[in-house]
Amino acid sequence: MGWLCVALATCMLVSRVKGNDWWWKYEEGIRQYSKEALNKEFPEKTRPIGFKHPTFQCPDMSPSATAPSSVELVKAADIKVIAALGDSLTTAIGANATTVLGIPIEFRHVSWSIGGYGSFEDVITLPNIIKLFNPSLLGAARGKTVHGMEAHISQTGLNLAVTGHNTFNLPSQTRHLIDTLRGYEGLNFEKDWKLLTILMGMNDICDYCKDKALFSAENFLHYMSVSLEMLMNEVTEDENLIIELFFFICIKSVVFVLLEVPRMIVNVVQILPMQTLREVHKPTPGCLLQRSFCSCLIEPASRSAELGELVEVNLEFQRRLEALLHGNHFFREDFAVVLQPFLKHADPPRLPSGKIDMSFFTHDCFHFTIKGHEELAKGLWNNMFQAEGDKTVVSSFSDPINLVCPPMEHPYIFTRSTSARSAQPRLHRRRQVPSLVVISSLLWLLVAFRHHGFL
């Protein structure tokens, strides 16, 4: 418990310096309770020491003979680096906390989509599954962080999610990821296949009643689109880039390359139906924090117009995301965005009595413990190796998800939608530009530089 006390004290200090809104809500939520109540332990929330999962084996766990050039031929063992963007569900806040005082601890190393703690036998995360196929996988988070504190990349890995972030923060996370990938140690930016997972939007639902315009379905779609466009085909038109492009053309003279993230598969995970989280409660100090973290969901009365509107907005988020990722817009030879729908209808895990199984939820009765993260990891992995139309949509987490192996007849991550395959569109490719175009572009840049006083 010593490290927890140090971390908590440090977090309090940082919060006073930064005035962090999330931490303020947390502090206000626990201020009225006694130390005895706050320090009450709930052992079922944590993983017992010595716990081990049975190993997971598949008939074919080998990489391709050579690094695939097509996004449609990438096996699990071909993935060289993994990354994640999102909010507190991806930072794994409170996931292995022993008391409500541990809620500000971000257990990134056990996060469902990006945690790299130990091995598959220790905790089931997407990276730990992939490490069974490729033990040298890069990017998984290795350590814990504290909300509001600066953290080193050695702890976070490429888990660049931020607790409390809304979808309008996603473009800045995306920018951070692109910049980090370009200089990430051990990564060949051009040649290595990258796997990114994004889950974002729940905080927009939680904050919807506070600003219905800012947290609208239209804005959710807009910021999601902007972020995916940045990853697929990033073109910036500021003057700094023009200067860089000028020197690039002078040096290369014959090739024009769009700024982009090559060789990447992006999992966009469908957001949860959040109404049932209202059932996750207990008469404990921690559970009352729900009202602070997600007041727009928790406070409206049952069958109220406010709750009905929020439920419809939640569904509209799902519909807009499906429409955005339908077809082949976010698909090219070395890049694909795939909607993974396993959470679309997910109901919280329940006991045989029908009551919520609270061991899946942290002391704030909102975020997931390690048990919940493991089910998310398994659901995501299974979706990756299921074709569109055949992807499992979990109705409830009451029964543990069984991991599937990549099918022998198609051992690749499914990346191309049914509509894209049937239409057989022309792929987005990097193009070799004729020298005449290069010369024309160079002349245009010279004129532009002279006009702006650079020459």
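Modeller: With pairing: two strands count as paired if DSSP finds at least two bridges between them. This is a predicted model.

Biologist: Which other residue of S4 is a bridge partner, and of what residue?

Modeller: Leu196 in S4 is the bridge partner of Ala83. Strands S1 and S4, the latter spanning residues 193–199, are joined by seven bridges and pair in the parallel sense.

Biologist: In what order do the strands of the sheet lie?

Modeller: The order is S1-S4-S5-S7-S6, in an open sheet of five strands with mixed pairing. Strand S1 (79–86) and strand S6 (331–332) are the edge strands, each pairing on one side only.

Biologist: How many bridges join S4 to S5?

Modeller: Five bridges join them, and the two strands run parallel.

Biologist: How do I read the cover of a strand?

Modeller: Count its buried residues, where buried means under 20% relative accessible area. In S1, seven of eight residues are buried, so by that cut-off the strand is mostly covered. S4 is also mostly covered, with seven of its seven residues buried.

Biologist: Which residues of S4 point one way, and which the other?

Modeller: Trp193, Leu195, Thr197 and Leu199 point one way, while Lys194, Leu196 and Ile198 point the other way. All of these are buried.

Biologist: Which helix packs on the sheet, and which strands does it touch?

Modeller: Helix H7 (residues 170–182) packs there, touching S1, S4 and strand S5 (264–269). The direction of H7 makes about 155 degrees with that of S1.

Biologist: How do I judge the length of a helix?

Modeller: Compare the span with the value expected at 1.5 Å a residue. H7 has 13 residues and reaches 19 Å from its first C-alpha to its last, close to the 18 Å expected.

Biologist: Which residues of H7 are buried, and what do they pack against?

Modeller: The buried residues are Leu170, Pro171, Gln173, Thr174, Leu177, Ile178, Thr180 and Leu181. They pack against S1, S4 and S5, and also against helix H6 (153–156) and helix H9 (217–232).

Biologist: What does Ser227 touch?

Modeller: Ser227 is found in helix H9. Leaving out residues up to four places away in sequence, Ser227 touches Leu170, Pro171 and Thr174. Ser227 counts as buried because its relative accessible area is 0%.

Biologist: Is Ser119 buried or partly exposed?

Modeller: Ser119 is partly exposed, because its relative accessible area is 26%. Ser119 sits in the loop between strand S2 (105–106) and helix H5 (126–133). Ser119 and Ile129 are 10 residues apart in sequence, and their C-alpha atoms are 8.3 Å apart in space.

Biologist: What about a buried residue in a loop? Where is Gln270 found?

Modeller: Gln270 is in the loop between S5 and helix H11 (290–293). Gln270 counts as buried because its relative accessibility is 1%. The side chain of Gln270 reaches the backbone oxygen of Gln318 at 3.2 Å. Not counting residues up to four places away in sequence, Gln270 touches several residues, including Leu199, Gln318, Leu321, Glu322 and Leu339.

Biologist: Where is Cys365 found, and what is its phi?

Modeller: Cys365 is in the loop between strand S7 (335–340) and helix H14 (370–384). Phi of Cys365 is near 60 degrees, again a positive value in a residue other than glycine. Cys365 counts as buried, at 2% relative accessibility.

Biologist: How do I read the chain as a whole, and how many helices and strands are there?

Modeller: The protein chain holds 16 helices and seven strands. Of its 455 residues, 54% count as buried. Among contacts between residues at least 6 apart in sequence, 77% join residues at least 24 apart. The accessible surface comes to about 20,600 Å², of which 58% belongs to carbon and sulfur atoms.

Key. Residues are numbered from 1 along each chain as its sequence is written. This is a predicted model: local features need pLDDT of at least 70, side-chain atom pairs count only at pLDDT 80 or more; totals for chains, interfaces and linings use all residues. Side-chain values use heavy atoms; hydrogens and water are left out. Helices (H or I, at least four residues) and strands (E, at least two) are DSSP runs, numbered from the N terminus. Contact means heavy atoms within 4.5 Å. Axes are lines fitted to C-alpha atoms, for helices over the stretch in contact, and angles run from 0 to 180 degrees between N-to-C directions. Buried means under 20% relative accessible area, exposed over 50%, partly exposed in between (1.4 Å probe, protein chains only). A polar contact is a pair of N or O atoms within 3.5 Å; within protein, one must be able to donate a hydrogen and the other to accept it, and residues adjacent in sequence count only if both atoms are side-chain atoms. The expected span of a helix is 1.5 Å times one less than its number of residues. Accessible areas come from the Shrake-Rupley method with a 1.4 Å probe; for residues, only the protein chains shown count as cover.
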